[in-house]
Amino acid sequence: MINKVILMGRLTADPELRQTTSGISSCRFSVAVDRGYKSKDTGERQTDFIRVTAWRQTAEFICRYFSKGRMIIVEGSLRNNDYTDANGVKHYTMDVQADNVTFGESKSAASANSAGIGTGNFQQPAPAPVQTTAPQSTPVEESIQLGDLGDFEEILSDGEVPF
């Protein structure tokens, strides 16, 4: 069975490092993740706010290098948590248990995006257009653009492995 979650979004608040009574580090935070489509009514993207829990060195890493508004990539698993409140009502929550986290943007991009932090705007920037065909008259001396497939040729195979 597989239980794998990969999220990319922005932290909604500064993470806080906590420790259990036995000294194990933990950190809970929320990640704002835009949905892949826009609402028909408003034309805006909806955002999901997903709670994440990290433990030990992962928690310490997050608290040291991430802050509100920073883009984060989280790999982990989905966990079902339930508890009974003081009135005897049982509550169920779904959280992501982080196994690995990565920076979702460069440090310079994070600095450039810091102007939008705190405004509630957690939308991810639109990806830059990628050129998938070779320009008609590109000299070899010019730099190769991302997605330029003009320098590749199709290799016809006779079905045998070359090694």
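Residues are numbered from 1 along each chain as its sequence is written, and side-chain values use heavy atoms, with hydrogens and water left out. Because the model is predicted, local features need pLDDT of at least 70 and side-chain atom pairs count only at pLDDT 80 or more, while totals for chains, interfaces and linings use all residues.

**Overall fold**

The protein has 2 helices and 6 strands, where helices (H or I, at least four residues) and strands (E, at least two) are DSSP runs numbered from the N terminus. Read from the N terminus on, these elements follow the order β-β-β-β-α-β-β-α. Of the 163 residues of the protein, 25% count as buried; buried means under 20% relative accessible area, exposed means over 50%, and partly exposed lies in between, with a 1.4 Å probe and protein chains only. Among contacts (heavy atoms within 4.5 Å) between residues at least 6 apart in sequence, 57% join residues at least 24 apart.

**The nonpolar core**

In soluble globular proteins, nonpolar side chains tend to be buried together. A nonpolar core is here a set of buried Ala, Val, Leu, Ile, Met, Phe, Trp, Tyr and Cys residues joined through side-chain atoms within 4.5 Å. The largest such core has 17 residues, and those with the most contacts inside it are Phe29, Val31, Val52, Ile62, Ile72 and Val74. Two or more residues each are given to this core by β1 (5-11), β3 (25-38), β4 (45-55), α1 (56-65), β5 (71-84) and β6 (90-103), and the largest share, 4 residues, comes from β3. Leaving aside neighbours within four places in sequence, Val31 is in contact with several residues, including Gly9, Leu11, Phe49, Val52 and Ile72.

Gly76 has its place in strand β5 and, at 2% relative accessibility, counts as buried. Not counting residues up to four places away in sequence, Gly76 touches Asn3, Lys4, Val5, Val96, Gln97, Ala98 and Asp99. Gly76 and Leu7 are 69 residues apart in sequence and 8.7 Å apart in space, C-alpha to C-alpha.

**The two sides of α1**

In α1, Thr58, Ala59 and Ile62 are buried. They cover an arc of only 100 degrees around the axis, which puts them on the same side of α1; the arc is that of the directions from the helix axis to the C-beta atoms. On the other side of α1, Gln57 and Arg64 are exposed. The cover of the buried residues of α1 includes β2 (16-19), β3, β4 and β6.

**Aromatic rings**

Rings of Phe, Tyr and Trp (its six-membered ring) pair if their centres lie within 6.5 Å, and planes under 30 degrees apart count as stacked, over 60 as edge-to-face and the rest as tilted. By this rule the count comes to 5 aromatic pairs, and two of these are set out below.

| Pair | Distance of centres | Angle of planes | Kind |
|---|---|---|---|
| Phe61 and Tyr65 | 5.2 Å | 50 degrees | tilted |
| Tyr65 and Phe103 | 6.3 Å | 75 degrees | edge-to-face |

Phe61 and Tyr65 are 4 residues apart in helix α1, so about one helical turn separates them. Tyr65 lies in helix α1 and Phe103 in strand β6, so their pair ties together parts that are 38 residues apart in sequence. Phe61 counts as partly exposed at 27% relative accessibility, as do Tyr65 at 41% and Phe103 at 35%. Phe61, Tyr65, Phe66 and Phe103 form one aromatic cluster.
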